[in-house]
Amino acid sequence: MGTRGVTKFGASVDPELLQSFDDATRGVGMNRSSAIETAMRGFLAEQKWSTAEEGLVAGALMMIYDHHSRSVVDEILDVQHDFTDVIASSTHVHFDQDNCLEIVAVRGGVGRLRELMHRIEASKGIKQLKLSLLNV
Ligand code: NI
């Protein structure tokens with residue numbers, strides 16, 4: 001992250017939350033400062049996606065949908081054909097008898113990704129949808 005040095009700051013948090021955070025942090029072999037940095041970067045990437053007018057992001061859109069709903073299967077395909085400018089690839093997993101898992105790799109402008117997300121959210125038959133983004 002360059003040679004910009006570090007800034008120390010104080011924060012007031014719920015002690016139980018801090019204890020859980022420190023336990024989890026130790027569990028993955030990180031110190032508190034690097035864990036806070038990781039959490040802050042994740043937060044910023046999420047904020048950028050939900051509010052920014054412009055900016056480039058990349059990540060994955062993951063969804064679980066009803067295999068038996070022909071309308072959602074068609075809709076997911078149609079939407080992806082309408083967003084080839086931001087979709088790099090997609091992987092379909094026939095998860096079980098009833099569920100399909102689709103993982104769509106995306107990169108592009110936040111506004112366009114927001115449009116994609118809203119189109120998919122509007123499809124009935126989507127059981128879970130998650131967009132995970134990284135700042136580019
Ligand atoms: Ni399937």
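1. **Leu129.** In this predicted model, Leu129 is partly exposed, because 15 other C-beta atoms lie within 10 Å. A residue needs 20 or more to count as buried, and 12 or fewer to count as exposed. Leu129 falls in between.

2. **Where Leu129 sits.** Leu129 belongs to strand 4, which covers residues 126–135. Leaving aside residues up to four places away in sequence, Leu129 touches Met63, Ile120 and Glu121. Look also at Glu102. It is 27 residues from Leu129 in sequence, yet the two C-alpha atoms are 9.6 Å apart in space.

3. **Strands 1 and 4.** Strand 1 spans residues 56–66 and pairs with strand 4 in the antiparallel sense. Nine bridges join the two. Within this pairing, Leu61 stands opposite Leu131 of strand 4.

4. **The core.** Nonpolar side chains tend to be buried together in soluble globular proteins. Here the largest nonpolar core has 15 residues. Those with the most contacts inside it are Trp49, Leu61, Tyr65, Val106 and Leu113. Strand 1, helix 3, strand 3, helix 4 and strand 4 each supply at least two core residues. Strand 1 gives the most, with four.

5. **Helix 1.** Is helix 1 buried or hardly covered? Hardly covered: among its 13 residues, the count of buried ones is zero. Helix 1 takes in residues 15–27. From first C-alpha to last it reaches 18 Å, close to the 18 Å expected at 1.5 Å a residue. Just after this helix, Gly29 takes a positive phi of about 75 degrees.

6. **The whole chain.** The protein chain has four helices and four strands. Along the sequence they follow the pattern α-α-β-α-β-β-α-β. Of the contacts with a separation of 6 or more, 69% join residues 24 or more positions apart.

7. **Overall dimensions.** What radius of gyration does the protein chain have? The value is 19 Å, whereas a compact globule of 136 residues would have one near 14 Å. The C-alpha atoms fill a box of roughly 55 × 35 × 20 Å along the principal axes. Of the 136 residues, 12% count as buried.

How values were computed. Residues numbered from 1 in each chain as written. Predicted model: local features only at pLDDT ≥ 70, side-chain atom pairs only at ≥ 80, totals over all residues. Contact = placed C-beta atoms within 7 Å. Pairing = 2+ DSSP bridges. Expected span 1.5 Å × (residues − 1). Rg over C-alpha atoms; globule rule 2.2 N^0.38 Å. Core = buried A, V, L, I, M, F, W, Y, C linked by C-beta atoms within 7 Å.
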